[in-house]
Amino acid sequence: MPAIRRTVCGAELDPSILTSAERLQFDGFQRRQNTNVLIQRMGADSVPIKRIVRVTGLSRGLVRRILRGEREDVFRLRQSSLTPWFPQLEQYWQDGCRNGAELWRQLRADGFQGSLRVVGEWATRQRRAEAAIPQGTGKCPPSRKIARMMTSGRHHLSKADSIFVAQVEHALPQLAQDRRLLDAFTSMVRNGEEDGLAEWINQAKASGLAALSRGLSADLDAVTAALREPWSDGQTKGQINRLKVLKRQMYGAAGIDLLLARLQHSAWRRHRN
């Protein structure tokens, strides 16, 4: 993530497109960046950490992190309840709906449970962004969203997400190679192709998937059998999971007899239905 933020999400932010709440976040980000610059300058002048702690009032651990360059970041807005609804919002926006209250009502009809304020701030930011024509927002998606975008099919992504993924892969070729290896492994599992497993493990040893390749090598016979044989232990694992759920529901206060009775009753109800 630090490499992605530096190379892809490092565009300068135009504060004029921010809402009031987001501007407060941006002001805090700027203060942290100024503190980082000050402490790094003092470190370059060989000022002892103990004196830096006394001058700045920060903890020793935080000062060490800043001196090691572990607190460098770009400004990014916090993920909110609105994040999963961005595709619908963008679609409504492209269809011509530019009123925050109307956007909120349409999202509510789709099942959105958030407040009008959140949607209104998003609409305000969109209007300001279109009017300001900024050089860049500097906003970096969370790591989980980036992982989901990179492992999803390109035809499932929006144009903006496709461009972002292309930028990430151009800036970090090793990450692009890891994604191709992951796609190849997924294809092997889905299609039961055991012939290419050994070659894949050798290629993965020198990649970001080295830990996965070591785990597969340690249990190679079982992995090969899973790719070759049509059988699955999914039914067994499902029954074990059901048993664990029943045990948790009883909070461990019941004995084996009651647990057996609940299992039998659950099976009888499924059979009856």
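Before anything else, a definition: a residue is called buried under 20% relative accessible area, exposed over 50%, and partly exposed in between, with a 1.4 Å probe and protein chains only. The areas themselves come from the Shrake-Rupley method with that 1.4 Å probe, and for residues only the protein chains shown count as cover.

Now the provenance. This is a predicted model, in which local features need pLDDT of at least 70 and side-chain atom pairs count only at pLDDT 80 or more, while totals for chains, interfaces and linings use all residues. Residues are numbered from 1 along each chain as its sequence is written, and side-chain values use heavy atoms, with hydrogens and water left out.

Let me take the surface charge. Lys50, Arg51, Arg54, Arg60 and Arg64 make up a positive patch on the surface. The elements giving two or more residues to that patch are helix H3 (49–56) and helix H4 (60–67), and H3 gives the most, with 3 residues. Helices here are DSSP runs, H or I, of at least four residues, strands are E runs of at least two, and both are numbered from the N terminus. Lys and Arg count as positive, Asp and Glu as negative, and His and the chain ends are not counted. The place of a charge is NZ of Lys, CZ of Arg, CG of Asp or CD of Glu. As for Arg60, this residue is found in H4 and is partly exposed, at a relative accessible area of 41%.

Next, the salt bridges, meaning a side-chain nitrogen of Lys or Arg within 4 Å of a carboxyl oxygen of Asp or Glu. How many does the structure hold? There are 6 salt bridges, and I'll cover some of them.

Arg117 and Glu121 pair up at 3.4 Å, N to O. Both lie in helix H7 (residues 116–132), 4 residues apart, about one turn of the helix. Arg117 is exposed, with 55% relative accessible area.

Arg179 and Asp183 form another bridge, with their closest N and O atoms 2.7 Å apart. This pair is also 4 residues apart, in helix H10 (residues 173–191), about one helical turn. Is Arg179 buried or exposed? Arg179 is buried, at 16%, whereas Asp183 is partly exposed, at 33%.

Then there is Arg228 with Glu229, a salt bridge of 3.4 Å, N to O. Arg228 is partly exposed at 45%, and Glu229 is partly exposed at 36%.

On to the helix faces. In helix H5 (residues 86–94), the buried residues are Phe86, Leu89, Tyr92 and Trp93. Seen down the axis of H5, they fall within an arc of 130°, so they line one face of the helix. The arc is that of the directions from the helix axis to the C-beta atoms. The face turned away from the buried side carries the exposed residues Pro87 and Gln94.

Helix H8 (residues 143–151) has Ile146, Met149 and Met150 as its buried residues. Their arc around the axis is only 95°, which puts them on the same side of H8. On the face turned away from that side are the exposed residues Arg144 and Arg148.

Last, the loops and backbone. Just after H5, Gly96 has a positive phi of about 110°. Cys97 sits in the loop between H5 and helix H6 (100–110) and is buried, at 13%. Cys97 and Ala123 are 26 residues apart in sequence, with their C-alpha atoms 9.7 Å apart in space.

Which residue other than glycine has a positive phi near 65°? That is Ser46, in the loop between helix H2 (20–44) and H3. For context, most residues other than glycine have a negative phi. Ser46 is exposed, at 62% relative accessibility.

Key. Patch = residues over 30% accessible without salt bridge, like charges linked within 9 Å, V, L, I, M, F, W, Y side chains within 5 Å.
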